[in-house]
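The following note is meant to be read with the sequence and the model side by side. Each numbered point takes up one part of the chain.

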Amino acid sequence: MKIPPRIMFMTQMAGTIVAAVVYLLTAWWMIESIPDMCNTNLLPSSSPWTCPLDQVIYDASVVWGLIGPRRIFGNLGPYWAVNWAFILGALAPFLAWLLHKLWPAKTWIKYINMPVLIGATGLLPPATAVNFTSWLIVGFVFSSVMYRYRREWWQRHNYVLSAGLDAGLAFMGVLLYVCLGLENISLKWRGDKLDGCPLASCPRAKDVSVKGCPILT
């Protein structure tokens, strides 16, 4: 697929401007119209307006600004061992390269991209296992099966399919809020309990008291 650079640039600029304006107006409207939005202490357990990504950004600002990384990831913090991940991440691509050298006949090994696999874990804090499972299934079907056995369909429709899935998700989010959220109608199903553990949000540090959580000593 070849797209003229000027048309691509203008399309991206127009899409970025429209998306920024719509996002700002939508967020402003939702904050003004949804009571206790993003406040997990006051929202019902089945509420979808918990703002997980914003919670992650807030927690990151507390860790890196208020508390300081030394008391979290340094010698004064409980997660100092996480620093070994920098070395492991640097060695991971060589592991895939070594596997390819040991078994050159296994053509699928060359498709192992450690930076992509490890980088995807950066989305784990705001996302859930349900998100990753659906991404894996859709990606495997349309980027592997369809690419191998229906190459012409893949070349013609795969890019449009990707854009359609993104647009459909955004449209359904707004539609569900307009049809159900404004009427205070909530859906209770298995997807509401994503982690299945009532203590998943409890602190793991010692001698920290939080309502509804056990105190570790």
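**Notes on the model**

1. The structure, which is a predicted model, holds 1 disulfide. The two partners are Cys38 and Cys51, whose sulfur atoms are 1.8 Å apart. This pair links distant parts of the chain: Cys38 and Cys51 are each in the loop between α1 (5–33) and α2, 13 residues apart. The torsion about the S-S bond of Cys38 and Cys51 is about -65 degrees, and therefore the disulfide is left-handed.

2. Cys51, at 9% relative accessibility, counts as buried, because the limit for a buried residue is under 20%. A further cysteine, Cys179, is partly exposed, with a relative accessible area of 42%.

3. Asp36 is partly exposed, with a relative accessible area of 39%.

4. Helix α1 may be considered next. The helix has 29 residues, which at 1.5 Å a residue should span 42 Å; the end C-alpha atoms of α1 are 41 Å apart, in agreement with that figure. How many of the 29 residues of α1 are buried? The number is 1, so α1 lies largely in the open.

5. Helix α2 covers residues 52–67, a run of 16 residues. From the first C-alpha of α2 to the last, the reach is 21 Å, close to the 22 Å expected at 1.5 Å a residue. Just after α2 comes Gly68, which takes a positive phi of about 100 degrees.

6. Between α3 (70–73) and α4 there is a loop, and Trp80 is found in it. Which residues does Trp80 touch, not counting residues up to four places away in sequence? They are Ile72, Phe73 and Gly74. Trp80 and Pro69 are 11 residues apart along the chain, and their C-alpha atoms are separated by 9.7 Å.

7. Helix α4 spans residues 84–102 and has 19 residues. Its reach from first C-alpha to last is 26 Å, close to the 27 Å expected at 1.5 Å a residue. Where does α4 bend? The bend is at Leu91 and amounts to about 30 degrees, with a proline, Pro93, following within four residues.

8. The aromatic side chains form the next topic. The structure holds 3 aromatic pairs. One of these is formed by Tyr147 and Trp154, with 4.8 Å from centre to centre and 80 degrees between the planes. The pair counts as edge-to-face, because planes over 60 degrees apart are placed in that class. Tyr147 is partly exposed, with a relative accessible area of 34%, and Trp154 is partly exposed as well, with 26%.

9. Two residues of helix α7 complete the note. The place of Asn158 is in this helix. At 16% relative accessibility, Asn158 counts as buried, and it touches Phe142 and Trp153, not counting residues up to four places away in sequence. Met172 is placed in α7 (residues 151–179) and is partly exposed, with a relative accessible area of 39%. Met172 and Gly139 are 33 residues apart in sequence, while the distance between their C-alpha atoms is 21 Å.

Definitions and conventions. Residues numbered from 1 in each chain as written. Predicted model: local features only at pLDDT ≥ 70, side-chain atom pairs only at ≥ 80, totals over all residues. Heavy atoms only, no water. Phe/Tyr/Trp six-rings, centres within 6.5 Å; stacked < 30°, edge-to-face > 60°. Buried < 20%, exposed > 50% of the residue type's maximum accessible area, 1.4 Å probe, protein only. Expected span 1.5 Å × (residues − 1). Disulfide = S-S within 2.5 Å. Contact = heavy atoms within 4.5 Å. Bend = angle between axes of the 7 residues up to and from the residue.
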